[in-house]
Amino acid sequence: SLLQEIMESEFPSSGSKRDRDGNSKDGPVGEQPEDELTIPRAAMNKMIKELLPNIRVANEARELVLNCCSEFIHLISSESNDICNNQQKKTISAEHVLLALEKLGYGDFRKDAEEVLTECKETAAKRRRQSTKLENLGIPEEELLRQQQELFAKAREAAALQEMQQEHYGVGIDSGGQAQDSVSEEESEY
C-alpha cells in the first residue's frame, strides 16, 4: 500500500522493530507485537486536533503519523541507550537524548527539546513545592499530630454531649448550635 511505501522510504528501519536493548526484531511492517508500546491513539488524536483544528485528517494519515512518532521515539531511545552504554552509565539522561538527536541529524530539534526539558523541570519543581507545603508550615509533624488528636477528642466530646442531651432531655442541637425540642408540633398542642 501507499502507506507502507512511504513508511519504508522515509523510515527504512520501520520493517524491523527494536527491543529495549536496541536489537533489531524483524517482522512485517505495520504488525506490532502485543508488548510493544505505542503512543495512545487518543493522545495522538488530541495533538492532531490541537495543531490542525480546522483540517480533517484521514484515519490512514493518523495511523501514519502514529507509526512515524513511534518509530522516531524508538530510534532516539535506541541511540540514547547506545550513548549511555558507551559512557558506561546505567541510566539514560536528558543529555544522552540531546546527544542522540545531534548524532542522528536532528540537531535542529535540540533547542526545542531543551526548552521542553526546562519546562518539565519547572513543573516537577512546582509539584515538589506543592507537596511540601505541609512541611513548610513551620509546625513540626508531632505538633500537627497533637493538634489533630485534640480536634478528634473535642469532636468526640461534642458528639457524646449531644447524644446525652437527646437521651435525657429530648433536646438536640441543630447545625447552628441551637437547642431543638424533640417534641413534635402535634404533641405540643393541647
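## Aromatic pairs

Rings of Phe, Tyr and Trp (its six-membered ring) count as a pair if their centres lie within 6.5 Å. By that rule, this predicted model holds 3 aromatic pairs. Take F72 and Y106: their ring centres sit 5.0 Å apart with the planes at 85°, so this pair is edge-to-face. F72 belongs to helix α3 and Y106 to the loop between α4 and α5, so the pair ties together parts that are 34 residues apart in sequence.

Y106 also pairs with F109, and here the rings are stacked, at 5.7 Å centre to centre and 15° between the planes. Put together, F72, Y106 and F109 make one aromatic cluster. How exposed are its members? F72 is partly exposed at 27% relative accessibility, Y106 is partly exposed at 24%, and F109 is partly exposed at 40%.

## Helix α4

Now for α4, which spans residues 94–103 and has H96, L98, A100 and L101 as its buried residues. The cover over these buried residues includes α3 (59–86) and α5 (110–131). After the helix comes G105, with a positive phi near 90°.

The chain has a mean pLDDT of 78, with 67% of its residues at 70 or more. Among the chain's elements, α4 has the highest mean pLDDT (96), while strand β1 (residues 16–18) has the lowest (45).

Two stretches call for a separate word. Residues 10–18 have pLDDT below 50, and in the model this stretch has 25 contacts beyond near neighbours in sequence. Residues 26–32 are also below 50, with 9 such contacts.

Definitions and conventions: Residues numbered from 1 in each chain as written. Predicted model: local features only at pLDDT ≥ 70, side-chain atom pairs only at ≥ 80, totals over all residues. Heavy atoms only, no water. Buried < 20%, exposed > 50% of the residue type's maximum accessible area, 1.4 Å probe, protein only. Helix = DSSP H or I, 4+ residues; strand = E, 2+ residues; numbered from the N terminus. Contact = heavy atoms within 4.5 Å. pLDDT = per-residue confidence, 0-100. Phe/Tyr/Trp six-rings, centres within 6.5 Å; stacked < 30°, edge-to-face > 60°.
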